[in-house]
Amino acid sequence: MDTVGPMDKILILDFGSQTTQLIGRRIRDLGVYTEIIPGDTALDDAVLSGVAGIILSGSPESVYTAEGAVPDKKVYALGLPLLGICYGLQRMTVDNGGVVESLPKSEYGRKEVTLHDKNSIGNASRKFLAGFPPSFTAWMSHGDTLTRLAPGFREYAVSDTGYPAVVAHETKPWLGLQFHPEVTHTECGLEILAAFVFGVCGCKKSWTMEQYVEEVRTSLAARVGSNPVLLLISGGVDSTVAGALLLKTLKADQVHLMYMDTGLMRKDETKTVQTALEQLGAKHLHIIYCEEEFLGALKGLEEPEAKRKAIGDLFITIQEREVARLGLPDSYFLAQGTLYTDLIESGKGVGKKAHLIKSHHNVGSPLVDAKRKLGRIIEPLDRLYKDEVRRLGRILGIDEEVVRRHPFPGPGLAVRILGEVTKEKCGILREADALYIEELKKRRTPSGERLYDDIWQAFAVLLPIRSVGVAGDARKYGWVLALRAITSADGMTADVYPFPVKDLLEISTRITNTVPDIGRVTYDISSKPPATIEWE
Ligand code: XMP
């Protein structure tokens, strides 16, 4: 769905670097809208609409290998400012008649960069170089180097190993960096990006959440007209924010919200979702209670993928049955809280494909696919990153506790109860998890922040083993609970949260004292990779 109207946009051609996403984030943080597309995408009018400048990203490949993707040659005929970063610079060099060769030893890590020529002739390079201090530390990661610049280019800075670090065309607005300005290890990286975006491309700061809301609301209202919209709600931040956006834009009567209580939710989850949506003015909130069906489908299943598949299949069956039961006219639109990163990860039109480690059932369904084919899907958050969604949630007046909630997997507690899922185990885990989260909200970091807000995701896991302990004078044979807490930027990688031991000890005591079925508590100290965040 094209939700964003005319505004200055920086297009990023993704050649596969790990840091391409970061380029997008940094520039958005500067207040300019960015879009990432695969590096070899044809640059037609639709793609180029509103584009003020193009960045060619880095890549793990070399310009001389078959895997090194090539941009649409038109990129050099558009007259738009270009910034090549690492592979992007090497690509520009080779495509325009220069030479790139392999280095005897890769340049990796922090390098000193010194500007030796600030007397630029070109208008663009003068504005660009204004962003650079005379010397600075930059982050490098490359095995090839420019050994002959393309005609018309000039070198402005070298690294301490003597290789070109900054080059620019003398007359065209084409600029290149051998280092990564998007990485925080590069001093003045943001100033350098700002010099390109504002100085060279002439962008204005037009990417603000307030403006985004206005634009999305205008295009949403025009697209939907008076048709009904059905939003599938999971209870997470994303679908709640999508719901708020619909409710603030359309008539309450038009907006149908459907939520499945699978019985695999956290404690009081359904109530929290209901309250949040009713506060936002929801009139047609369809809560489907289907705990028995889900527990039935999970009976006897122990293997993680088998459990995920059973849940995914039942989700689809119930979704189709309940949507049909609503009896909406065929003209209805289906809405989802898909994020920009979901599109990137599923390889739908932007960026790289992620590899499948676990099947996430909630990315698509036959109903969603059918509606997408008909052009009747609404994904009002499909241009946003997770923290932008949180910001938007605040602007729309969603309760701060809901906005700050940790992510929760679609299959819910079923992937946190190892082995067979039973109603009794769901109850035990729900209680223990709620205590854990309550403690994290009460406890503070040394800087006064709630532990909960310092942690990206925290939850409890019920292990399929019991261990011996004592309660009073009696022998106790209780379940083992694992606590998990991680820090992460996006869930793709994660580090263990370095808990103060005192907090862990007190939380463990409270759990074993309050939930009699739990006899022992452990803390999971595995990062991702090699572990994953969830246990199944
Ligand atoms: P893993 O366990 O793969 O989790 O390291 C990464 C992030 O994704 C969440 N997760 C899911 N989210 N449906 C979802 O919507 C799923 O099936 C699913 N499985 C894992 C997990 O909680 C973590 O935030």
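How far apart are the mean positions of the positive and negative charges of the protein chain? In this predicted model, the 64 positive and 70 negative charges have mean positions that sit 2 Å apart.

A word on the ground rules. Because the model is predicted, local features need pLDDT of at least 70 and side-chain atom pairs count only at pLDDT 80 or more, whereas totals for chains, interfaces and linings use all residues. Residues are numbered from 1 along each chain as its sequence is written, and side-chain values use heavy atoms, with hydrogens and water left out.

Now the overall build. The protein chain carries 17 helices and 18 strands, taken as DSSP runs numbered from the N terminus (helices: H or I, at least four residues; strands: E, at least two). Its C-alpha trace spans about 80 × 60 × 45 Å along the principal axes. For 536 residues, a compact globule would have a radius of gyration near 24 Å, and the 26 Å of the protein chain agrees with that; the radius is taken over C-alpha atoms, and the globule rule is 2.2 Å times the number of residues to the power 0.38. Buried residues account for 55% of the 536, where buried means under 20% relative accessible area, exposed over 50% and partly exposed in between (1.4 Å probe, protein chains only). Of the contacts (heavy atoms within 4.5 Å) between residues at least 6 apart in sequence, 76% join residues at least 24 apart.

As for cysteines, a disulfide is a pair of cysteine sulfur atoms within 2.5 Å, and the count comes to zero. C86 has its nearest cysteine sulfur, that of C188, 19 Å away, and C86 is buried at 4% relative accessible area. The sulfur of C203 lies 5.1 Å from the closest one, in C201, which is too far for a bond; C203 is buried too, at 6%.

Most residues other than glycine have a negative phi, and most peptide bonds are trans. C188, in the loop between β9 (174–177) and α5 (189–200), has a positive phi of about 65 degrees and is partly exposed at 26%. D268 shows a positive phi near 60 degrees in the loop between β11 (255–261) and α8 (269–279). After β18 (518–523) comes the segment with P529, joined to K528 by a cis peptide bond with omega about -15 degrees. The bond from P529 to P530 is cis as well, with omega near 10 degrees.

Definitions and conventions:
Lys, Arg positive; Asp, Glu negative; His and termini not counted. Charge placed at Lys NZ, Arg CZ, Asp CG, Glu CD.
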